[in-house]
Amino acid sequence: MKLWAPKLEAFLRFSSIFLLLMTSLLIGLDSETKSVVYMEKKVTCKDLKALLVLVYVDAVAAAYNLLQLSRCFKASYKSEASYRSVAWSCFLLDQIVVYITFAATAAAIEHSVLVVVGANAFQWMKWCNRFTRFCFQIGGSLFCSVTACALMVFISSISAFNLFRLYSPNQFLLLKST
C-alpha cells in the first residue's frame, strides 16, 4: 500500500481539482440572453443562488485539494507524532470538504430541478424551455461536481486508511508499538 497509495491519492486529488475547477468555470461563466416578450432577458448563475454558492464552494475545495496535493509530493515527515497529527488533520479536513461540497452540489441540483420543471404554485416558469444552452451547460457542470464529490469520497477513504493503520487492530485507538 505504501508504493501506490500516494500516487493514487495524488491522481485522485489532481482529477478532483480539475473537475472542481471545471464546474466553477462552467457555472460561473455560463450566461444566455434571449428576447422574451419584447425584452432582453439574460440568465446567469447569479439568478440562481445555489449555483453561485456552488461556484464558491467548488473553488475553495479545489484550493484545499491543491494544498493537499502539495503535501502528497512531500513523502517524509519529521517524526511519528507529527505524522499522526498530519494524518488526523488530513482525515478531518477531507471529511469536512467532502460533506460541504456534496451539500452544495445537492442544493444546486435541487434548485436546477426546479428550473427544469418549474413550480406552478410559486408561479415559476420553466427556464429550460427558453434557455436551453444555459440548462445543458449547468447540467454538465453539475455532473462534473457530482463526479468530483465521488472522487473526494475515495480520497477521504484513503486518508482514513492512512490514519487508522497507525492504530492497533486488537485494541480500539491504541497506537501500534514500533
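Trainee: How many aromatic pairs does a search of the whole structure find?
Mentor: Three. Rings of Phe, Tyr and Trp (its six-membered ring) pair if their centres lie within 6.5 Å; planes under 30 degrees apart are stacked, over 60 edge-to-face, the rest tilted. One of the pairs is Trp-88 with Phe-91, edge-to-face at 6.3 Å centre to centre and 80 degrees between the planes. Keep in mind that this is a predicted model: local features need pLDDT of at least 70, side-chain atom pairs 80 or more, while totals for chains, interfaces and linings use all residues. Numbering runs from 1 along each chain as its sequence is written, and side-chain values use heavy atoms, without hydrogens and water.

Trainee: Where do Trp-88 and Phe-91 lie?
Mentor: Both are in helix H3, three residues apart, about one turn. Helices are DSSP runs (H or I, at least four residues), numbered from the N terminus.

Trainee: Is Phe-91 buried or exposed?
Mentor: Buried, at 14% relative accessibility. The cut-offs: buried is under 20% relative accessible area, exposed over 50%, partly exposed in between (1.4 Å probe, protein chains only). Trp-88 is partly exposed at 29%.

Trainee: Which pair do Phe-91 and Phe-164 form?
Mentor: An edge-to-face one, 5.6 Å centre to centre, with 75 degrees between the planes. Phe-91 is in H3 and Phe-164 in helix H4, so the pair ties together parts 73 residues apart in sequence. Phe-164 is partly exposed, at 40%.

Trainee: And which residues do ring pairs link into a cluster?
Mentor: Trp-88, Phe-91 and Phe-164.

Conventions
Helix = DSSP H or I, 4+ residues; strand = E, 2+ residues; numbered from the N terminus.
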